[in-house]
Amino acid sequence: MPVEPMVPSRAPTGASATRSRARVNRAAEARILAGVRPLLPTIAGRVRCLAPALAALVLLAMLAAPATAVLQQPPPFDGDAAYAHVRTQVGFGPRFVGSEGHARQLEWMVAHLRARADTVELQRFTHRFQDGETRELTNVIARFRPDAAERVLLLTHWDTRSVADEEQDRSRRDQPIPGANDGASGTAVLLEIADVLSRHPPPVGIDLLFIDGEDYAPGDMFLGAEHFADNLPPESERPRYGILLDMVGDTDPWFPMEENSRAHAPELLDRVWDTAERLGYADFFVREDVPAVIDDHVPLNEAGLPTILIIDPDYGPDSSYWHTHDDDLRNTSPRGLEAVGRVVLAVVFEGG
Ligand SMILES: [Zn+2]
């Protein structure tokens with residue numbers, strides 16, 4: 001993720017904030033254990049079985065969805081299955097542009113997608129980096145129902161950072177990070193969504209975009225998103241909106257509402273957070289506004305493709321794991337992956 005860590009402004013700081021977050025998360029955990037979480041939206045045939053209040057809720061959701069949408073029950077999404085993709089990626093080693101891990105991940109990811117998506121396109125390009133080297137980068141676009149006129153874009157970055165520039169231990173700052181959260185987590189969710197969509201065709205066309213070169217190093221960022229934004233398909237084939245996932249694998253998920261998303265796609269932002277609340281994830285998808293985060297949604301929004309960002313900008317105590325060697329498997333979990341996967345699938349299947 002992004003250049004602008006939101007440490008100072010992201011959230012209330014200090015003991016009271018810690019306590020309040022701990023309380024929120026304990027509440028979420030209690031509900032998950034109680035098994036109440038999946039207040040699943042339903043297809044018409046199941047409405048009869050529901051309590052009247054829930055039926056009314058479903059009706060409201062149907063009315064709120066765009067007129068063209070096909071209301072469908074979202075397919076299941078397994079956080080543990082998604083998390084296995086985090087492990088696999090971290091197993092490749094650091095995946096910064098030009099590294100061996102980067103090449104291995106690209107090969108693995110493309111094979112995974114080719115076995116599941118209707119089409120897979122590799123968008124290759126080169127960039128001259130700050131160190132004077134020119135390197136090759138690859139955005140990967142996996143399409144489901146490529147002929148559908150109505151399309152939705154889900155995106156994330158798949159590369160990791162070549163330096164640990166926020167590391168406390170200065171002697172290790174020039175070493176690459178594992179990127180279990182920053183890189184592998186969003187990619188894992190989208191790879192698992194590809195698996196789900198291969199078994200449950202979506203009601204609209206879905207484009208999964210895996211962006212390269214988001215996070216190489218200061219001064220070499222957002223390269224893949226800028227390339228994609230400069231080469232958008234013609235208006236008639238363009239996705240209606242985008243949902244960007246970044247750093248969704250924290251053990252303590254906290255997804256506030258980000259300012260750039262609010263500025264460019266306010267209705268979508270509200271719809272995603274409403275969906276999360278209905279699915280029982282209100283303690284993860286919090287209704288707290290946070291300042292703008294500079295991330296891959298910025299070039300897309302500037303190019304006219306309204307895109308929101310789902311991010312947990314608070315990684316570790318005072319965000320101390322961000323862009324450090326602590327961004328590893330120990331500090332990630334399936335919890336956020338599962339919440340984000342379920343919410344995104346519900347948004348797509350219920351409203352397009
Ligand atoms: Zn990053």
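Begin by selecting L154, which, leaving aside residues up to four places away in sequence, touches L190, I193, I206, L208, I243 and V344; contact here means that two C-beta atoms, placed from the backbone, lie within 7 Å. The model is a predicted one, in which local features need pLDDT of at least 70 and side-chain atom pairs count only at pLDDT 80 or more, while totals for chains, interfaces and linings use all residues. Residues are numbered from 1 along each chain as its sequence is written.

Next, colour the open sheet, whose 6 strands follow the order β1-β2-β4-β3-β7-β10 with mixed pairing; strands are DSSP runs of E of at least two residues, helices are runs of H or I of at least four, and both are numbered from the N terminus. Two strands pair if DSSP finds at least two bridges between them. At the edges stand β1 and β10 (307-311), each with a single partner strand, so one side of each has no neighbour in the sheet. Zoom in on β7 (residues 241-246), which runs parallel to β10 and is joined to it by 5 bridges, and find L245 opposite I310 of β10.

Now select helix α5 (residues 100-114), which lies across β1, β2 and β4 and runs at about 15 degrees to β2, the angle being taken, on a scale from 0 to 180 degrees, between N-to-C directions of axes fitted to C-alpha atoms, for helices over the stretch in contact. Its buried residues are G101, H102, Q105, L106, M109 and L113, and because they cover an arc of only 135 degrees around the axis, they sit on the same side of α5; the arc is that of the directions from the helix axis to the C-beta atoms. Turn to the face away from that buried side to see the exposed residues E100, E107, A111 and R114.

Finish at L300 in helix α10 (residues 297-302), a buried residue with 26 other C-beta atoms within 10 Å. Among the residues that L300 touches are A225, L305 and T307.

How values were computed:
A residue is buried if 20 or more other C-beta atoms lie within 10 Å of its own, exposed if 12 or fewer, and partly exposed in between; C-beta atoms are placed from the backbone.
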